[in-house]
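Walk through this model with pockets in mind, then turn to its aromatic rings.

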Amino acid sequence: MRPYILEETNWKQVKNQPYDVAILPWGATEPHNYHLTFGTDSLETSRIAADAAGKAWKKGAKVMVLPTIPLGVQNPGQIEMPFCLHTLPSTQIAILKDIVRALYNQGIRKLVVMNGHGGNEFKPHIREVMPQFPGMFIAVTEWFKQVPLSDYFEEEGDHANEMETSVIMHYFPELVLPLEEAGSGKANKFKLKGLNDKVGWTPRRWDKVTDDTGIGDPQKATPEKGQKFLEAVTSKIGDFLVELAECDLDDLYE
């Protein structure tokens with residue numbers, strides 16, 4: 001039993017151990033091309049949170065990883081796909097507020113939301129919830145943005161791509177179909193140049209942008225690439241958790 005994973009530990013451990021930081025992994029449930037599972041975002045985020053917390057715990061940080069929330073905000077054209085579980089942003093705020101209230105009443109004042117789904121946007125949620133709990137610190141970290149992907153992977157993309165496939169190959173090889181069964185992950189661009197150049201933004205219609213639900217070619221993925229990438233990501237997040245656990249919330253600025 002790992003004392004920093006809530007689902008694994010017990011009251012005997014928790015009763016006698018003060019904790020400084022709670023970590024809330026937040027994923028999604030949606031299709032990931034033909035070769036990865038619907039639970040990809042939640043599964044990988046849960047493992048990354050555990051690995052980062054484990055590194056922080058070894059350095060003396062008293063952290064606790066909460067159960068992963070498997071419900072994300074989806075795009076139009078994706079919501080209609082069978083078993084793609086869409087959550088409204090307002091629902092996410094309600095869930096976050098309930099969790100923060102529980103932690104706050106238990107004396108825990110530091111929470112890190114670990115986002116593992118590109119459709120989730122927690123900054124406005126935190127801005128809404130945090131002022132309702134004076135003295136509470138809430139941060140968000142997105143593990144897929146921590147290091148330059150081009151340092152580890154050859155192909156671009158942001159959904160069931162080379163990076164995400166490599167991560168699942170490393171963590172859950174039994175859940176990956178042979179890559180010859182994967183779709184190409186080809187993404188259709190907008191006809192509007194301003195949208196392609198990021199002058200404007202609108203949600204991508206998943207039924208128009210991709211034929212296989214993937215965005216990014218997964219064919220060059222390997223578990224070795226995933227392992228190297230994850231080592232860098234979990235070390236960086238783990239160091240942040242140590243720093244946060246040790247800090248004085250009343251003295252955060254120079």
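In this predicted model, the largest pocket has a volume of about 1300 Å³. Its lining counts 42 residues. Closest to the centre of this pocket are Gly-118, Asp-158, Lys-198, Arg-204 and Trp-206. Which helices each supply at least two residues of this lining? They are helix H2 (40-58), helix H5 (162-171), helix H6 (193-196) and helix H7 (206-209).

Now move to the second largest pocket. The volume here is about 250 Å³. The lining is made of 13 residues, and those closest to the pocket centre are Val-14, Tyr-19, Leu-103, Gln-106 and Ile-108. How does this lining split by class? Ten residues are nonpolar and three are polar. None is charged.

Next, the rings. Searching the whole structure gives ten aromatic pairs.

Which ring does the charged end of Lys-62 sit over? It is the ring of Trp-57, with 4.9 Å between the charged end of Lys-62 and the ring centre. A second case pairs Arg-109 with Tyr-104. Here Arg-109 lies over the face of the tyrosine, 3.9 Å from the ring centre.

Note on methods. Residues numbered from 1 in each chain as written. Predicted model: local features only at pLDDT ≥ 70, side-chain atom pairs only at ≥ 80, totals over all residues. Heavy atoms only, no water. 1 Å grid on protein atoms, 1.4 Å probe; cavity = no way out; pocket = protein on both sides within 12 Å on 5 of 7 lines; lining within 4 Å. Points joined across faces, edges and corners; volume = space filled by probe spheres on them. Helix = DSSP H or I, 4+ residues; strand = E, 2+ residues; numbered from the N terminus. Nonpolar A, V, L, I, M, F, W, Y, C, P; charged D, E, K, R; others polar. Phe/Tyr/Trp six-rings, centres within 6.5 Å; stacked < 30°, edge-to-face > 60°. Lys NZ or Arg CZ within 6 Å of the ring centre and 35° of its normal.
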